[in-house]
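Me: I have a protein open on my screen and would like to go through it with you. Could you take my questions one at a time?

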Amino acid sequence: MKLGIVGLPNVGKSTLFNAITKAGAESANYPFCTIDPNVGVVAVPDERLEKLAEMYQPDKVTPTAIEFVDIAGLVKGASRGEGLGNKFLSHIREVDAIVHVVRCFEDTNIVHVDGSVGPKRDVETIDLELILADLETIERRIEKTTTLLKTHDARLKAQYQAEMDVYIRIKEGLESSISVRALDFTPEERLIVEQAFLLTAKPVIFAANVSEDDLVNGIDQNPLVKELQAVAAAQNAEMVVISARIEEEIAQLDEAEKAEYLKELGIAESGLDKLVKSSYKLLGLISFLTAGKQEVRAWTITKGTKAPQAAGKIHSDIERGFIRAEIVSYDDLIACGSYNAAKERGLVRLEGKDYIMQDGDVTLFRFNV
């Protein structure tokens, strides 16, 4: 999974990236300190792996991972190349979802490119640039499809007409400032949309970056957060509230110190934990687990994935030669204390090719190649 972190300059975007990836992207109080996208791969926090490791004492533990891409600050005119905008927009095309960091704190020492903090205005600035870029893309596709429609092949003509119908609907939506993700499509139309690689089709998580005091003492009185909540609701988007500064402090601590620090602050989970949960929900992802002496590991799949395709995540040979899956739910396994105890109680199930995987399935695939 690849998440692109975007936002106007000086909203705390690179500070957040540094903190959650510990990758050391340059961060400074001026626009465009991040020219090329910085990439950091982050292990997905999953306490289930720790419990399974205690049970199996494996040689290694392998969590699933998320790739974060820190994309340089966008400004008005980015779709026309302002502030190296075209380069930055191309980086957004490569990610699965966008984490849009929005400043929701006042600080006279940190310059805002528009002179004042305004979450709704800031979101509209970024959205407009992405919409303008998509309009340019879709107009090129309409022009190309118009030519293709001159074919005398009836089958191809019907295919191109279906594509044209979708492109025109997208264009009309964009011209009304409606992002592609806000439009409704049939499954067949969705395939056409995906092939267009449009920026505003990508799902979004809004990350409200607040001050340390706000996060610790409660955000109820922060009008900037309320303003962003209204924007997220209108766009049917996910939203998390974080403090990039607190994340920066957490990044310096080991797991035990981190847990103690969060407890002292009265915070249930870190910003990274919130982002991971939101991104999984947004993209419709779950994790199944494999466990043994050799390795305990988490594997990310899309909700609705059947057992053979989940096996294919491990190796294509296992999918091709799939016979059955031996599955016990994580909760049942932990409650029983061992795999054998779960088996004795009839909690280990044999599932076939039509079984739809569930989050937390501890799985052993049987196959023959």
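Reply: What follows is a walk through a predicted model, taken topic by topic.

Me: How many helices and strands are there, to begin with?

Reply: The secondary structure of this protein comes to 15 helices and twelve strands.

Me: And what share of the residues is buried?

Reply: The protein has 369 residues, and buried residues make up 49% of them. As for how the chain meets itself, if you take the contacts with a separation of 6 or more, 69% of them are between residues 24 or more positions apart.

Me: Which residues touch the most other members of the largest nonpolar core?

Reply: That core holds 56 residues, and the ones that touch the most other members are Phe-68, Phe-206, Leu-228 and Leu-275. There is also a second, separate core of 18 residues, which includes Leu-135, Phe-185, Ile-192 and Ala-196.

Me: Take Leu-228, then. What is it in contact with, leaving aside neighbours within four places in sequence?

Reply: With those neighbours set aside, Leu-228 is in contact with Val-102, Cys-104, Pro-119, Val-123, Phe-206, Ala-208 and Met-239. Phe-206 in that list is also among the core members that touch the most others.

Me: Changing topic: how many cavities of 30 Å³ or more does a search of the whole structure find?

Reply: The search finds two of them. The largest cavity contains about 40 Å³ of space, and of the 13 residues lining it, Leu-215, Glu-247, Ile-267, Glu-269 and Gly-271 are the closest to its centre.

Me: Which elements supply at least two residues each to that largest cavity's lining?

Reply: They are β7 (238-242), α9 (244-250) and α11 (271-283), and the largest share, three residues, comes from α9. Sorted by class, the lining of the largest cavity has seven nonpolar, three polar and three charged residues.

Me: What about the second largest cavity, what is its volume?

Reply: Its volume is about 30 Å³, and the residues that line it are Val-6, Ile-98, His-100, Ile-126, Asp-127, Leu-130, Arg-181, Val-204 and Phe-206. Two or more of the lining residues come from each of β5 (97-103), α4 (119-148) and β6 (204-209), with α4 giving the most, three residues. By class, the lining of the second largest cavity divides into six nonpolar, one polar and two charged residues.

Me: Asp-127 is in that lining. Is Asp-127 buried or exposed?

Reply: Asp-127 is found in helix α4, and it counts as buried because its relative accessibility is 12%, which is under the 20% cut-off.

Me: Which residues is Asp-127 in contact with, beyond its close neighbours in sequence?

Reply: Leaving aside neighbours within four places in sequence, Asp-127 is in contact with Arg-181 and Gln-235. The side chains of Asp-127 and Gln-235 are joined by a polar contact of 2.8 Å, while Arg-181 is another of the residues that line the second largest cavity.

Me: How far apart are Asp-127 and Ser-177 in space?

Reply: From C-alpha to C-alpha they are 8.4 Å apart, although 50 residues separate them in sequence. Ser-177 is found in the loop between α5 (154-175) and α6 (187-195), and it counts as exposed because its relative accessibility is 54%.

Me: What is the phi of Ser-177?

Reply: Ser-177 has a positive phi of about 65°, although it is not a glycine. Most residues other than glycine have a negative phi. Phe-197 also has a positive phi, of about 50°, and is likewise not a glycine. Phe-197 lies in the loop between α6 and β6, and with a relative accessibility of 56% it counts as exposed.

Me: Last topic: what volume does the largest pocket have?

Reply: The largest pocket has a volume of about 1100 Å³. It is lined by 39 residues, and those nearest its centre are Val-44, Pro-45, Asp-46, Glu-47 and Asp-273.

Me: And how does its lining divide by class?

Reply: The lining of the largest pocket has 21 nonpolar, four polar and 14 charged residues.

Definitions and conventions:
Residues numbered from 1 in each chain as written. Predicted model: local features only at pLDDT ≥ 70, side-chain atom pairs only at ≥ 80, totals over all residues. Heavy atoms only, no water. 1 Å grid on protein atoms, 1.4 Å probe; cavity = no way out; pocket = protein on both sides within 12 Å on 5 of 7 lines; lining within 4 Å. Points joined across faces, edges and corners; volume = space filled by probe spheres on them. Helix = DSSP H or I, 4+ residues; strand = E, 2+ residues; numbered from the N terminus. Nonpolar A, V, L, I, M, F, W, Y, C, P; charged D, E, K, R; others polar. Buried < 20%, exposed > 50% of the residue type's maximum accessible area, 1.4 Å probe, protein only. Contact = heavy atoms within 4.5 Å. Polar contact = N/O pair within 3.5 Å; in protein donor to acceptor, adjacent residues only side chain to side chain. Core = buried A, V, L, I, M, F, W, Y, C linked by side-chain atoms within 4.5 Å.
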